[in-house]
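Open the model in your viewer and keep the selection tool at hand. The tour goes from one residue to the next stop by stop.

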Amino acid sequence: VQRVGGSQVGIVDQPPHVGWHSPLGGEDRAAEIRRGDAHAEAPKPFGQFLLRDLADHVHPQRVAEQRQVAPPTCCALPARDHLLAGLVLAEEHGVPVYSSIRRALHAGGDKLGVDAVLLIGEHGDYPWNERGRHMYPRRYFFEQIAGVFGESGRSVPVFNDKHFAYSFADAQWMWDRAQELEIPLMAGSSLPLCWRNPYVEYNKETKVEEALSVGYGGIEAYGYHALETLQCMVERRQGGETGVVSVQCLEGNAVWDAADAGLWPLDLAEAACEAIQNKPEGHMKDHCENPALFIVEYRDGFRGAILMLNGYVTDLAYAARVDGQVLASEFYCPQTPHAHFSYLSLNIEEMFLSGIPAYPVERTLLTTGVLEAALDSRYQGHIRLETPHLDVAYTSYEQIRWRPTATRPSGASLIPFGHE
C-alpha cells in the first residue's frame, strides 16, 4: 500500500484454489482476494486497499478526513495464476506482480522498499494434518518477511491475517522473531470488529464471572473465530488477561452431558442463541446433531467455553454473567458484502501509519495456542490438556477507533463489493 507521501506496503498472500503448492519450491505468492468460494464477494484486506469506497462507512465514529494510505503498489503472485481474481484486480489497478516475497518487499529495488506488510497465509492447496490442522505456511511466509528485514537492517509494521500458525511452536517462533527484530506486529480476524446486537463493550476491569461464545462451521477455521469472539471480551475482565492453564474439547452427546455435570453454563449458551436473529424454531439440542465444545480454564480461575452449533446457527454470539446478571450479544458479520473486513482494514491502515496495534497482538498468540490445544485434546480422545506454555498475560486496549457501534450495517456497508 502506498502512502500519499510516496512509500509502499507489500501484500503477501497465496492464491486460492490452485492445484500446486510447496513454498520450499521457491514460488511465494501474494496479493489475493477470495472469489469463487464462500467469501465470493468478500473484500479481504487486499481488495479493501484496492477498492476504497466500501471502507468509507457511515457510522457514529466516522469523521471526514484525508486518507493517509493509497492502493497497494507491489505484490507477489506466480504468473501462471493470471486468471485468478487477485491477479486480475492487480492488473486493473496497476499493481506490479513479483515472483517472490523478497522481490515484492524490495518493490523493484535491491533492499526493503515498503513501509508495511500485509500477510494473508490462508489460501492454496495445503493438507490437513492428522490433528485436523490446515497446514498453511504462515511461519514460512513470516520467516521470509523477517529475513528481508534482517538483511535490510530495519523493520516495518506487519499485519498477520487470523491466527499465527497451525502450530503453537511456529507461532511462538514468529512472536520471538518479531521481538528480536522489533517488528510492529498486529494480527487476528474481523470478528472483534463486527456488528454487535446489542452493542456491548466492557470497561476494563469488569467483574466477568463466566463467559461463553457460540459459533458454527469448521472446528479449526471457525473455531478460531469463536475463540476470538470470546477472548476479545474476557480479556477486559478484572485483572486483565493472565493466560490459560488447561483446554478440553468435547463433541456429540458428551457436550450436553458436561452441561448437566456443571462443567459449562448451558444458560449462557441459551442466552447467546437467543441473541442470534437468524435461526430455526426450537432448542439448540433439537437441531445440532454433533455439537463441539472447548472448555478453557484460565490462570486466574476464570472459565470460558466455546460452543460450535452446526445445523442450528450461522452467526456468532457471546454471553456472560456479570454481577450475577446474564447479558448476551450477537456478533453479526454480513454475508454480502462482508463489510466487517472494511473495519479490519481501517484498523490495519491505522497500525501501518502509526506502528501501534489497535489491540494487543498477544490475543492472537494466546488464541493460537488454545486452538492447538483444543484440537490436540480432540485427537487424543477429548482429554483435558494442561497448557503451562500458555502463560500469556496482557492488558486489553483502551479504545478502538474504527469499529461499528450500530446493531446492523447501514450506508456504504450495504453496497456490494466492486459497486459504486
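Start with L375. Its relative accessible area is 1%, so L375 is buried. This is a predicted model. L375 sits in helix 11, residues 362-379. Now show what surrounds it. Setting aside residues up to four places away in sequence, L375 touches R131, G132, R133, I219 and E220. Pick I219 from that group and draw a C-alpha to C-alpha distance. L375 and I219 lie 8.4 Å apart in space, yet 156 residues apart in sequence.

Eight of them form an open sheet with mixed pairing, in the order 7-13-12-8-11-10-9-14. Where does the sheet end? Its edge strands are strand 7 (195-197) and strand 14 (385-386), each pairing on one side only.

Zoom in on strand 12 (residues 316-322) and strand 13 (residues 325-332). These two pair in the antiparallel sense, over seven bridges. Select A320 and look across: L327 in strand 13 stands opposite.

Now go to the segment after strand 14 and select T387. Buried or exposed? T387 counts as buried, at 1% relative accessibility. Leaving aside neighbours within four places in sequence, T387 is in contact with V244, V245, S246, V247 and A373.

**Helix 7**

Select residues 253-260. This is helix 7, which lies across strand 9 (244-251), strand 10 (292-298) and strand 11 (303-308). Helix 7 runs at about 125° to strand 9.

Show its side chains. V255, W256, A258 and A259 are buried. They cover an arc of only 155° around the axis, so they sit on the same side of helix 7. What do the buried residues pack against? Their partners are strand 9, helix 8 (266-275), helix 9 (284-287), strand 10 and strand 11. Turn to the face pointing away from the buried side. There you find the exposed residues N253 and D260. Step just past the helix to G262, which takes a positive phi of about 80°.

**Aromatic pairs**

A search of the whole structure finds seven aromatic pairs. Select W195 and Y343 for one of them. Their ring centres are 5.6 Å apart and their planes stand at 85°, so this pair is edge-to-face. W195 belongs to strand 7 and Y343 to helix 10 (residues 340-354), so the pair ties together parts 148 residues apart in sequence. Both W195 and Y343 are buried.

Then select Y216 and Y222. Here the ring centres are 5.2 Å apart and the planes are at 40°, so the pair is tilted. Y216 is buried, with a relative accessible area of 16%. Y222 has 23% relative accessibility and counts as partly exposed. The cut-off for buried is under 20%.

**The cores**

Finish inside. Which residues touch the most other members of the largest nonpolar core? In this core of 95 residues, they are F142, V214, W264, L307, L309 and Y318. Centre the view on F142. Not counting residues up to four places away in sequence, F142 touches L119, V158, W173, M174, R177, A178, I183 and L185.

Methods: Residues are numbered from 1 along each chain as its sequence is written. This is a predicted model: local features need pLDDT of at least 70, side-chain atom pairs count only at pLDDT 80 or more; totals for chains, interfaces and linings use all residues. Side-chain values use heavy atoms; hydrogens and water are left out. A nonpolar core is a set of buried Ala, Val, Leu, Ile, Met, Phe, Trp, Tyr and Cys residues joined through side-chain atoms within 4.5 Å. Buried means under 20% relative accessible area, exposed over 50%, partly exposed in between (1.4 Å probe, protein chains only). Contact means heavy atoms within 4.5 Å. Two strands pair if DSSP finds at least two bridges between them. Helices (H or I, at least four residues) and strands (E, at least two) are DSSP runs, numbered from the N terminus. Axes are lines fitted to C-alpha atoms, for helices over the stretch in contact, and angles run from 0 to 180 degrees between N-to-C directions. The arc is that of the directions from the helix axis to the C-beta atoms. Rings of Phe, Tyr and Trp (its six-membered ring) pair if their centres lie within 6.5 Å; planes under 30 degrees apart count as stacked, over 60 as edge-to-face and the rest as tilted.
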